[in-house]
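Thanks for making time, everyone.

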Amino acid sequence: MTGVAFVVPVYNKAAFLPDVLQAIRNQRGDFARQYVFVDDGSTDESIQIVRDAVGDWGDVVIHLQENPGSAHATNQAINRTRHPFVKFVDADDLIKHDTTALFLDQLTDSDACLAFGRGEDYDSLDEIDLETIDRAAPFERMASPLEASIRNSLFNPSRFMARRECLLAVGGCDERVVHSQEFSLTMRLARRWPFLRTNAVVAYLP
């Protein structure tokens, strides 16, 4: 059985975290799981909400730091993972219940370093459907994704999953870009490996 590490950098997201954590908990699929939370110096109740929610989750890592920024927090989380795939989740986004399984199915037999899908904005939980995902939506292999990555950020963290070995090979995020973790990481990965892209909605962003 393969495994997935869920990586969640947290900074003052108390209002969103209960729903975010429930969406992570509800991920379906037959794979081992690890949950890595890095609190980047939150001044609200974020870390207590995480601790209260994950007490019976099993393999959980919680790391606290003073607030060097999201890039550093993401790298700290990556370094604490131990499964071959890493599912990133922003602490205010909701991932569909089958998002992780969908990406895992595609990446397992692929040479791509990551898979990503679409995100949609939402104002109310009544507007969204976490239960269903478009499994019939095709995945496109992007053989040379660097130019597209430079032109525009292809995805936010909640919309992709990557191979741990690739994340470590490129050194994670560029911590000189303090408050944007995914853009530098995307370009570093795009220089070396193909991506997989689908038009299926995999995450909702407030």
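Okay, let's begin with charges: the count here comes to 13 salt bridges. Keep in mind as we go that this is a predicted model.

Take Asp59 and Arg82 to start with. They form a salt bridge, and the closest N and O atoms are 2.4 Å apart. Where do the two residues sit? Asp59 is in the loop between α2 (46–53) and β3 (60–65), while Arg82 is in the loop between α3 (70–79) and β4 (85–88), so this pair ties together parts that are 23 residues apart in sequence. As for how open they are, Asp59 is partly exposed, at 22% relative accessibility. Arg82 counts as exposed, at 52%.

Next one: Asp98 and Arg135. Their side chains meet in a salt bridge too, at 4.0 Å from N to O. This pair also links distant parts of the chain, with Asp98 in the loop between β5 (94–95) and α4 (99–108) and Arg135 in the loop between β6 (114–121) and β7 (139–142), 37 residues apart. Is Asp98 buried or exposed? With a relative accessible area of 12%, Asp98 is buried, because anything under 20% gets that label. Arg135, on the other hand, is partly exposed at 44%.

One more bridge for you: Glu120 with Arg118, where the closest N and O atoms are 3.2 Å apart. Both ends get the partly exposed label, with Glu120 at 31% and Arg118 at 34%. And while we're on salt bridges, some share partners: Arg28, Asp98, Asp105, Glu131 and Arg135 are joined that way into one network.

The charged end of Arg33 sits over the ring of Phe31, 4.1 Å from the ring centre.

Speaking of rings, let's move to the aromatics. How many aromatic pairs does the structure hold? Eight. In one of them, the rings of Phe88 and Phe160 have centres 4.8 Å apart and planes at 20°, so we call that pair stacked. Phe88 belongs to strand β4 and Phe160 to strand β8 (residues 160–163), which puts the partners 72 residues apart in a pair that links distant parts of the chain. You won't find much of either at the surface: Phe88 is buried at 3% relative accessible area, and Phe160 is buried at 2%.

With Phe155 it makes a tilted pair, 4.6 Å centre to centre and 35° between the planes. Phe155 counts as buried too, at 2% relative accessibility.

Now for a couple of helices. Helix α4 is mostly covered, with seven of its ten residues buried. Those are Thr99, Thr100, Ala101, Leu102, Phe103, Leu104 and Leu107. Helix α7, residues 181–190, also has seven of its ten residues buried, so it's largely enclosed by the rest of the structure. In α7 the buried residues are Gln181, Glu182, Ser184, Leu185, Thr186, Leu189 and Ala190.

Hold on to Gln181, please, as it takes us to the pockets. The largest pocket has a volume of about 320 Å³. It's lined by 17 residues, and Gln181 is among those nearest its centre, together with Pro9, Tyr11, Lys13 and Ser70. Which elements give two or more residues to that lining? They're β1 (3–10), α3 and α7. What's the lining made of? It divides into six nonpolar, six polar and five charged residues.

Last stop, the backbone, and two asparagines. Phi of Asn12 is near 50°, a positive value in a residue other than glycine. You'll find Asn12 in the loop between β1 and α1 (17–25), and it's partly exposed at 28%. Asn67 has a positive phi as well, near 115°. Its place is the loop between β3 and α3, and at 36% relative accessibility Asn67 counts as partly exposed.

That's my tour, and I'm happy to go back to any part of it.

Terms used. Residues are numbered from 1 along each chain as its sequence is written. This is a predicted model: local features need pLDDT of at least 70, side-chain atom pairs count only at pLDDT 80 or more; totals for chains, interfaces and linings use all residues. Side-chain values use heavy atoms; hydrogens and water are left out. Buried means under 20% relative accessible area, exposed over 50%, partly exposed in between (1.4 Å probe, protein chains only). Helices (H or I, at least four residues) and strands (E, at least two) are DSSP runs, numbered from the N terminus. On a 1 Å grid over the protein atoms alone, a cavity is a set of points where a 1.4 Å probe fits but cannot get out, and a pocket is an open set with protein on both sides within 12 Å along at least five of seven lines; lining residues have an atom within 4 Å of a point. Grid points are joined across faces, edges and corners, and a volume is the space filled by probe spheres set on the points. Ala, Val, Leu, Ile, Met, Phe, Trp, Tyr, Cys and Pro count as nonpolar, Asp, Glu, Lys and Arg as charged, and the others, Gly among them, as polar. Rings of Phe, Tyr and Trp (its six-membered ring) pair if their centres lie within 6.5 Å; planes under 30 degrees apart count as stacked, over 60 as edge-to-face and the rest as tilted. A charge sits over a ring if NZ of Lys or CZ of Arg is within 6 Å of the ring centre and within 35 degrees of the ring normal.
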